[in-house]
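Trainee: I would like to learn how to read a structure feature by feature, with the general idea before each case. Could we go through one together?

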Amino acid sequence: MNLSQSLLLRPSPAGGQHGLLHLVDSCRAAAHLPTLRAVHARLLLLQHLPSSAVARVKLIQAYAACSALPAARAVLTSSPDRTTVFFNVLLRALTAASLHREALLLFASMRPQGPSCSPDHYTYPLALKSCAASGSLRLGVQIHASIARLGLDANLFVAHSAISMYARCGRPDDAYQVFDEMQHRDVVSWNAMISGFAHAGLFQRAVIIFRELVGLQCPQPDAGTMASILPAMGNAKAEDIAFVREVFDKMQFRGLISWNAMLSIYAINGLHVKAVELFMRMEKDAVEPDGMTLSTVLPCCGQVSAFSLGKRIHEIIKRKGMCPNMLLENALMDMYANCGCLNDAREVFDAMGSRDVVSWTSIISAYGVRGHGTEAINLFENMLGQGLQPDSIAFVAVLAACSHAGLLDVGKHYFDCMTSRYQITPKAEHYTCMVDLLGRAGCIREAYDFIMAMRMKPNERVWGALLGACRIHSNMDIGLLAADSLFRMVPDQTGYYVLLSNIYARTGRWADVTSVRSVMASKGIKKLPGASNVEIGDQVHTFHVGDRSHPQSEMIYKKLEELLGRIRGMGYNPGVEGTLHDVEEEEKEGHLSVHSEKLAIAFVLINTSPGTPIRITMNLRTCSDCHHAAKLISAITDREIILKDINRFHHIYPCATLHYQSKRKIRRLIQG
């Protein structure tokens with residue numbers, strides 16, 4: 001006989017009630033509900049005891065914990081001696097369950113019950129929280145007025161709830177007034193105000209309050225502060241990110257919430273290397289990650305090709321039994337796909353017990369950016385066959401897949417299907433994909449006409465796709481139209497000047513190239529330096545064009561010189577035709593030879609064993625010369641090379657390169 005059975009059969013009323021109440025306290029999950037109902041039935045026989053009110057409060061708490069809120073409400077309703085405490089317990093449960101309408105109705109029923117049921121300083125914060133979550137500003141203002149009349153507005157918990165209510169209901173200035181009038185503020189007060197401004201979209205004001213708190217030195221920022229500033233840090237200034245990191249580093253107690261917040265700040269601002277480095281420090285400090293930590297850092301691993309770390313995180317997930325977890329599985333798939341491991345990404349996808357649209361979109365995109373358009377389309381159709389409704393992002397993935405694979409008619413079909421069948425209004429991303437699709441197919445005039453017929457004003461991405469297509473197909477006339485629109489929109493964007501300059505260079509119009517360079521110089525515009533990231537061991541290394549800052553620079557340049565010498569023997573001739581201006585051939589060739597991806601390849605060859613794949617992530621589009629050189633280096637070193645630039649993957653296999661070289665030699669022999 002177990003404990004619950006013995007307690008239920010015990011005849012002694014006094015001793016039995018204490019044991020039964022202990023059993024009620026232990027019921028905290030839905031699986032305990034049958035036991036709780038049995039204990040409740042037994043307690044009904046003991047109602048004459050003085051502690052019956054305590055028993056009913058405990059029953060309300062237990063039913064709420066067991067997700068049986070109607071039963072909790074029934075206990076409250078049937079209690080003849082109910083007080084404010086009864087209501088507060090149920091209010092807390094309803095608020096925690098996001099049943100805010102029910103919570104507010106219960107709150108409204110309290111005062112008519114008499115003085116013993118009047119709201120107190122525990123009740124009002126719960127009611128204000130429900131007002132904030134449900135957007136009930138009018139009721140929130142009325143409740144705040146009642147709080148002021150009762151003199152409870154000096155209570156910290158009440159004031160914090162009022163700040164949050166006003167901020168979440170779109171009244172940040174009223175929130176700040178409550179904050180400003182507080183005679184005493186603790187760290188929670190500051191956190192509430194920071195969070196209030198952040199959720200109202202007033203990010204700079206949130207940062208100002210954050211800096212003001214730090215400047216006071218008392219109270220000290222805590223994990224709640226880090227979580228509060230996080231929503232304000234999207235597209236943040238570099239100095240603000242550095243300031244938050246400085247605060248993080250000085251925190252005496254850094255809990256997991258603080259680590260996750262700092263990781264997220266790096267991730268949402270595209271500082272993927274810093275996120276990876278922070279996670280590695282987290283490991284060294286023996287801080288145990290949770291699912292949120294891993295789902296944040298995994299995409300960063302993919303963005304910088306930190307495959308070894310991503311693989312190690314996958315092992316952590318397996319060891320801790322954290323799957324099935326769709327958020328983590330989607331992040332794993334994203335990491336493998338971005339590291340160039342399509343088969344591993346597919347394995348994760350195939351092993352998922354359930355998949356949402358995000359899961360399907362991720363795998364469709366993974367195939368699409370590699371030019372596997374047919375497989376991407378098959379996956380998209382399979383998703384539809386599963387009864388899932390594609391969203392706008394899913395259509396971006398399938399349209400991009402059509403673009404990379406040159407499937408013009410199929411892409412047009414899906415664009416029409418998106419608007420007519422699924423009633424999705426095209427966004428700039430969809431228009432950009434269509435312009436890119438038409439441009440890659442050489443339909444430059446049709447792409448331009450498509451832009452002219454758009455239902456929204458084309459943005460820089462749309463015009464940029466057209467300008468890129470004009471560069472590929474040397475279409476000067478439409479390229480100038482695209483460039484003119486771009487320079488009016490984003491006059492300081494380096495990449496578009498370079499694209500226009502390359503169009504001129506391809507047609508030998510060096511005077512126009514010089515003119516573009518003069519405009520860039522007068523505006524103080526410099527070409528964004530190329531950067532390549534590679535992972536070796538527990539560190540991500542970054543290289544720039546002509547970089548000599550690395551400790552192994554001497555070895556890297558020696559290795560690169562050796563590689564270039566060997567591939568010249570295979571017919572390699574630096575592709576100087578796409579350089580920015582008509583300088584001497586030797587100068588152009590020298591510039592090309594020290595591009596960041598070449599340095600990265602040499603570095604990996606020095607520091608890894610034979611046969612290890614070379615994974616490189618770049619911040620720009622790889623040039624044709626580096627792509628050609630990588631193919632030949634792959635052949636002579638027998639290494640698989642995965643170059644990931646801002647547009648797509650370039651997956652280079654040694655055997656494929658050798659086959660290509662053999663065919664070229666045969667052609668030369670035939671022609672000779």
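Trainee: Let me start with a single side chain: is Trp463 buried or exposed?

Mentor: The general idea is a scale of relative accessible area, on which buried means under 20%, exposed means over 50% and partly exposed lies in between, computed with a 1.4 Å probe on protein chains only. Trp463 has a relative accessible area of 5%, so Trp463 is buried. Before we go on, please keep in mind that this is a predicted model, in which local features need pLDDT of at least 70 and side-chain atom pairs count only at pLDDT 80 or more, while totals for chains, interfaces and linings use all residues. Residues are numbered from 1 along each chain as its sequence is written, and side-chain values use heavy atoms, with hydrogens and water left out.

Trainee: What share of the 672 residues in the chain is buried, and how many helices and strands are there?

Mentor: Buried residues account for 49% of the 672 residues. Helices (H or I, at least four residues) and strands (E, at least two) are DSSP runs numbered from the N terminus, and the chain has 36 helices and 5 strands. The C-alpha trace spans about 110 × 60 × 55 Å along its principal axes.

Trainee: How do I read a pair of aromatic rings, and which ring pairs with Trp463?

Mentor: A pair of aromatic rings is described by the distance of the centres and the angle of the planes. Rings of Phe, Tyr and Trp (its six-membered ring) pair if their centres lie within 6.5 Å, and planes under 30 degrees apart count as stacked, over 60 as edge-to-face and the rest as tilted. The structure holds 17 such pairs. One of them is edge-to-face, formed by Phe415 and Phe450 with 5.7 Å centre to centre and 70 degrees between the planes. Because Phe415 belongs to helix H25 (residues 408–420) and Phe450 to helix H27 (residues 444–452), this pair ties together parts that are 35 residues apart in sequence. Phe415 is itself buried, at a relative accessible area of 9%. As for Trp463, the centres of its ring and that of Tyr448 are 6.3 Å apart and the planes stand at 50 degrees, so the pair is tilted. Tyr448 lies in helix H27 and Trp463 in helix H28 (residues 460–473), so here the parts tied together are 15 residues apart in sequence. Tyr448 counts as buried too, at 16% relative accessibility.

Trainee: Which residues form one aromatic cluster?

Mentor: Tyr176, Phe179, Trp190 and Phe197 form one aromatic cluster.

Trainee: How should I read the packing of two helices, and at what angle do H6 and H8 cross?

Mentor: Axes are lines fitted to C-alpha atoms, for helices over the stretch in contact, and angles run from 0 to 180 degrees between N-to-C directions. Angles under 35 degrees count as roughly parallel, over 145 as roughly antiparallel, 65 to 115 as roughly perpendicular and the rest as oblique. The axes of helix H6 (residues 84–96) and helix H8 (residues 123–134) come within 10 Å and cross at roughly 30 degrees, and H6 and H8 are therefore roughly parallel to each other. With contact meaning heavy atoms within 4.5 Å, the residues involved are Thr84, Asn88, Leu91, Arg92 and Thr95 of H6, together with Thr123, Leu126, Lys129 and Ser130 of H8.

Trainee: Where do the cis peptide bonds at Pro219 and Pro324 fall?

Mentor: The bond from Cys218 to Pro219 is cis, with omega near 5 degrees, and Pro219 is in the loop between helix H13 (203–216) and helix H14 (223–229). The bond from Cys323 to Pro324 is likewise cis, with omega near 10 degrees, and Pro324 sits in the loop between helix H19 (307–319) and helix H20 (326–338).
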